[in-house]
Amino acid sequence: MNIYEKSGYLDIPAIVNLRIPFTFIVGGRATGKTYGALKYVLTSHRKFILMRRTQAQTDLINKPEFSPFKPVCEDMGIEITTAPLTKYNSKFVLDDEVIGYTAALSTISNSRGWDASDVDLLIYDEFIPEKHERSLKFEGTAFLNAAETIGRNRELKGKKPLQVLCLANAFDIANPIFMELGLVGIAERMQQKGQETYINRERGIMIIMPKSQRI
């Protein structure tokens, strides 16, 4: 499986189009993870949630000068703004149309009344805490609860399941979510073998550890 564009950056559209429910891309700093994901939602017109671990991190990306869309907008010649939606999250707006939302894992449980049925892609950016950051209490469970809150068992209504794309520069395979899902041993074996991809379609999980030599 080729996970790269010719440029050496990750081919996020190809990865997402595999339609694995939970995809984790770990490590590979500066390989185009976040940029590629945000450009993908613009070109595919899929409504999304961009989630960060803490409310402070989420509040920061709501500010124009710290918007993760800034480099994408500069390259595409467009303008995306944010506007408050609730006390805990905001919406991204392009040409007067809401294209997505922000959310924080630490406070998403406080937004249970928020209808996210129009969202079909959850992008969880920097899902692995850096060494200087504290883990959230029951962080792995909180992540699964967040996915359930957003997904709301939509498959029972004949809709496609929520797709989750988790991205992290930090390379700590013993992170709360991998521990919760029993993926630490798998990631460790990938690391030992220099393996870049792992797919378990039965569980709906894919792990990618990019080792691009061109970036």
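**A cavity and the sheet around it**

Modeller: There are 2 cavities of 30 Å³ or more, a cavity being a set of points on a 1 Å grid over the protein atoms alone where a 1.4 Å probe fits but cannot get out, with points joined across faces, edges and corners and the volume taken as the space filled by probe spheres set on them. This is a predicted model, in which local features need pLDDT of at least 70 and side-chain atom pairs count only at pLDDT 80 or more, while totals for chains, interfaces and linings use all residues. Residues are numbered from 1 along each chain as its sequence is written, and side-chain values use heavy atoms, with hydrogens and water left out.

The part to look at is the second largest cavity, whose volume is about 30 Å³. Its lining, meaning residues with an atom within 4 Å of a point, consists of Ile15, Val16, Ile20, Thr23, Leu121, Gln163, Val164 and Leu165. Helix H1 (12–16) and strand E7 are the elements that give two or more residues to this lining, and E7 provides the largest share, 3 residues; helices (H or I, at least four residues) and strands (E, at least two) are DSSP runs numbered from the N terminus. By class, 6 lining residues are nonpolar, 2 are polar and none is charged, where Ala, Val, Leu, Ile, Met, Phe, Trp, Tyr, Cys and Pro count as nonpolar, Asp, Glu, Lys and Arg as charged, and the others, Gly among them, as polar.

E7 belongs to an open sheet of 9 strands with mixed pairing, in the order E3-E4-E5-E2-E6-E7-E1-E9-E8, two strands being paired if DSSP finds at least two bridges between them. Strands E3 (80–84) and E8 (197–200) stand at the edges with a single partner strand each, so one side of each has no neighbour in the sheet.

How values were computed: On a 1 Å grid over the protein atoms alone, a cavity is a set of points where a 1.4 Å probe fits but cannot get out, and a pocket is an open set with protein on both sides within 12 Å along at least five of seven lines; lining residues have an atom within 4 Å of a point.
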